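Open the model in your viewer and keep the selection panel at hand. We will go stop by stop.

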There are 2 protein chains.
Amino acid sequence: MQYRFSDSIAGMKPSAIREILKAPADSETISFAAGNPSPESFPVEQLARLSADIFAHQSTLALQYGATDGYPPLRAAIAKWQKERWQIGKTADEGYDFNDTTLIVSGGTQGIELCCRVLCNPGEAVICEDPSFIGALNAFRAAGMRTLGVPMNDEGIDVDALEQTIKANPDAHLLYVIPTFQNPMGISWSVETRKAVYALAKKYGLIILEDNPYGETRFAGQELPTLKSMDEDGVVVYCSTLSKVLSAGMRVGFVVAPEQIASKMVIVKQTEDVHTNLFFQILCHRYITECDLYAHIDKIKDIYRRKCNLMLDCLAKELPEQITYTKPEGGLFIWCTLPDSVDGMEFVRACKAKKLLVVPGATFNCDQDAPSQGFRLNFSTPSDAQIVEGCARLGAVAKEFLSK
Amino acid sequence: MQYRFSDSIAGMKPSAIREILKAPADSETISFAAGNPSPESFPVEQLARLSADIFAHQSTLALQYGATDGYPPLRAAIAKWQKERWQIGKTADEGYDFNDTTLIVSGGTQGIELCCRVLCNPGEAVICEDPSFIGALNAFRAAGMRTLGVPMNDEGIDVDALEQTIKANPDAHLLYVIPTFQNPMGISWSVETRKAVYALAKKYGLIILEDNPYGETRFAGQELPTLKSMDEDGVVVYCSTLSKVLSAGMRVGFVVAPEQIASKMVIVKQTEDVHTNLFFQILCHRYITECDLYAHIDKIKDIYRRKCNLMLDCLAKELPEQITYTKPEGGLFIWCTLPDSVDGMEFVRACKAKKLLVVPGATFNCDQDAPSQGFRLNFSTPSDAQIVEGCARLGAVAKEFLSK
């Protein structure tokens with residue numbers, strides 16, 4: 001049987017990378033390829049206790065259909081939290097005409113995808129950091145968009161290159177960015193870059209889609225302002241998630257967006273999943289309002305600080321100096337860059353042969369055919385022993401390639 | 001601030017109907033407008049017990065990211081169940097080349113929406129029953145499709161009119177149908193109509209998207225075969241859900257589709273919500289494999305049989321004979337048809353003025369501008385006392401209109 005698929009889906013390339021990462025089940029393989037939060041970061045006992053109480057006292061509500069825009073008490077609690085924590089959300093009460101609204105979505109990715117479907121027509125360009133989050137890039141591609149990459153520098157996205165790209169692509173309406181602990185690179189934009197990008201978006205009439213899934217995981221350095229906190233004009237849609245602080249498997253994220261945009265996102269969300277799992281929305285509300293979220297987040301930071309430092313120490317010991325890498329202050333990832341003499345994909349295949357999985361940088365390219373000298377390491381999921389042994393394997397592969 | 005929205009979203013009309021249904025919170029208002037399963041139909045005690053056990057023994061798995069196509073044990077359990085129950089799912093092992101695959105989705109609507117996005121290009125036609133499920137129609141519209149309606153008769157979809165519509169619209173690739181306990185009409189297609197529609201789809205190269213959310217709720221009459229059970233050619237995508245038998249708020253549904261189509265649906269699902277809430281997937285798996293699902297379903301049938309019969313008795317007593325209505329053998333809905341002399345929307349507004357909410361038939365029309373003589377009643381959500389009193393209010397409105 002030959003099926004005719006939609007143009008946007010037929011155009012999505014089967015991923016050579018997925019094949020590389022599909023390691024046979026093998027207890028000796030170590031994976032630095034995941035994007036998972038540490039299992040130690042889930043507050044299991046408290047969630048279990050609250051869950052039992054929801055079954056006992058709120059089951060009729062929790063098991064029935066709910067509102068598409070989210071469980072109202074959770075929306076209110078998150079709006080309050082984000083306002084206090086990140087200076088996010090400007091409302092009509094404060095004299096703003098765009099009236100920011102908080103929606104619950106089924107993970108941050110859904111917020112990204114809904115925003116694109118609401119604002120962009122198939123065939124248009126979405127401008128992204130290059131490299132960027134594969135989930136977002138694929139959401140744009142599945143919606144029929146062209147993904148245009150802007151290179152990164154030490155300050156974040158290259159502001160001059162961004163302006164060139166905007167000028168050259170007047171059909172671009174959306175700029176997708178991860179300014180803090182960027183995925184896959186792990187770096188954060190400087191304050192100057194943040195201000196300059198906001199000004200450019202305003203100047204050229206682009207909507208900024210700011211993705212901040214890792215903001216709460218800062219374990220070193222100074223806090224940086226979100227782009228959304230600078231939003232005096234209603235041009236920023238902000239997406240985040242509880243995946244990295246409570247549970248990834250529950251699929252609860254949120255969006256703060258101008259009401260006009262948010263209300264359109266609700267229409268599309270209703271056609272996707274009607275609403276987010278209501279039991280877990282209630283569970284999140286009760287956790288946020290009854291438990292000490294920040295005491296819990298401090299524990300997560302301690303775990304990630306230790307794991308990141310362990311991996312950085314191991315890399316310093318194992319890698320030849322021709323391979324450079326980022327030193328993150330939060331998030332889940334370290335980004336390594338190979339010298340030009342080494343083929344990135346061959347390097348990743350050689351790691352796999354040594355039973356170490358890393359994600360090849362080409363995965364994250366806006367141009368699916370472009371090569372990459374980078375690869376991504378995750379430090380949150382592997383155990384300490386796996387970090388040590390995995391880095392040793394990485395070092396062995398590196399020495400092979402660089403002594404060639 | 002003026003935003004530019006995508007063409008497909010900007011083209012979705014704001015619903016006059018939603019305004020009608022947005023009744024102010026008022027304890028005297030009775031709603032027959034919901035599409036909710038009865039809260040009595042959720043097996044709360046067993047779900048609570050299994051949930052506690054998952055927190056105690058499977059929390060690391062349940063709270064972490066999972067596979068996009070679903071929790072493998074749940075996929076296997078549902079595949080086995082659907083095969084035994086509905087003769088659904090033909091595999092390569094049985095000599096079929098299309099190899100049906102079971103996916104977990106976040107409610108049946110997501111399966112419908114993914115299927116459309118995978119198979120259809122924006123601007124093309126999707127052929128539907130007229131009237132049809134508003135959630136599916138809006139999913140097609142949000143994806144940029146034209147929704148083409150085929151009228152219904154006593155045997156289900158009008159087969160001759162369907163063939164005319166197919167011939168007149170060669171760009172249509174997808175035929176969306178709810179052959180059993182159709183939403184909104186509550187009727188089921190005859191076996192002859194089922195066979196004829198399958199034959200037409202095969203003849204003209206259409207994929208049938210069969211939606212069967214209510215199949216398990218049959219409380220009267222004889223079982224009817226699913227279209228998917230007739231599928232020898234890999235032309236049927238089957239969507240269903242656990243919303244009507246375990247919990248609607250958990251958002252767990254499933255799809256059985258030829259592997260080639262299923263694998264593309266997984267790619268799009270990954271860009272929407274990455275995967276369905278994993279905790280509840282595990283909970284569903286444990287319920288299905290450890291509890292007596294059919295004993296539970298029998299209880300639901302008893303509830304719905306009683307409530308449906310109560311509403312039918314009240315309608316017989318209260319409504320003048322110029323208003324006709326369907327007599328369902330399952331599902332959640334009764335469909336009433338007004339004589340041509342009555343304006344459907346005015347009638348629904350008059351009901352609201354009497355504090356009774358019903359859904360105007362125009363809501364479910366494929367053509368958003370077409371009028372309707374129908375309205376939909378739900379018997380699963382209101383209490384018995386509300387059914388009696390609501391039907392009395394309906395009768396009072398009917399007498400007003402028909403004595404005019």
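What rotation superposes chain B on chain A? This is a predicted model, and in it a rotation of 180° does so, with 0.0 Å of shift along its axis and an RMSD of 0.0 Å. That is the relation of a two-fold axis. The same surface serves both copies, as 100% of the contact residues of chain B recur in chain A.

**The contact**

Select the contact next: 64 residues come from chain B and 64 residues from chain A. On the side of chain B that touches chain A, colour the elements that give two or more residues: α1 (7–10), α3 (44–57), α4 (59–63), α6 (108–119), α7 (134–142), α10 and α11 (278–290) of chain B. The largest share, eight residues, comes from α10(B). Colour that side of chain B by residue class and it divides into 32 nonpolar, 22 polar and ten charged.

**From α10 to the sheet**

Stay on α10 (residues 259–272) of chain B. This helix lies across β2, β8 (236–241) and β9 of chain B, at about 135° to β9(B). Now pick helix α5 (residues 72–86) of chain B. Helix α5(B) lies across β2 and β9 (253–258) of chain B, running at about 120° to β2(B).

**The sheet**

Show the strands of chain B. Eight of them form an open sheet in the order β2-β9-β8-β7-β6-β3-β4-β5, with mixed pairing. β2 (100–105) and β5 (156–157) of chain B stand at the edges, each with a single partner strand, so one side of each is left without a neighbour in the sheet.

Zoom in on β3 (residues 125–130) and β4 (residues 146–153) of chain B. They run parallel, joined by six bridges. Last stop: Cys128(B), which stands opposite Gly149(B) in β4(B).

Terms used: Residues are numbered from 1 along each chain as its sequence is written. Chains are lettered from A and ligands numbered from 1 in the order in which they are written. This is a predicted model: local features need pLDDT of at least 70, side-chain atom pairs count only at pLDDT 80 or more; totals for chains, interfaces and linings use all residues. Two strands pair if DSSP finds at least two bridges between them. Helices (H or I, at least four residues) and strands (E, at least two) are DSSP runs, numbered from the N terminus. Two residues are in contact if their C-beta atoms, placed from the backbone, lie within 7 Å. Axes are lines fitted to C-alpha atoms, for helices over the stretch in contact, and angles run from 0 to 180 degrees between N-to-C directions. Copies are superposed by least squares on the C-alpha atoms of residues with pLDDT of at least 70 in both. Ala, Val, Leu, Ile, Met, Phe, Trp, Tyr, Cys and Pro count as nonpolar, Asp, Glu, Lys and Arg as charged, and the others, Gly among them, as polar.
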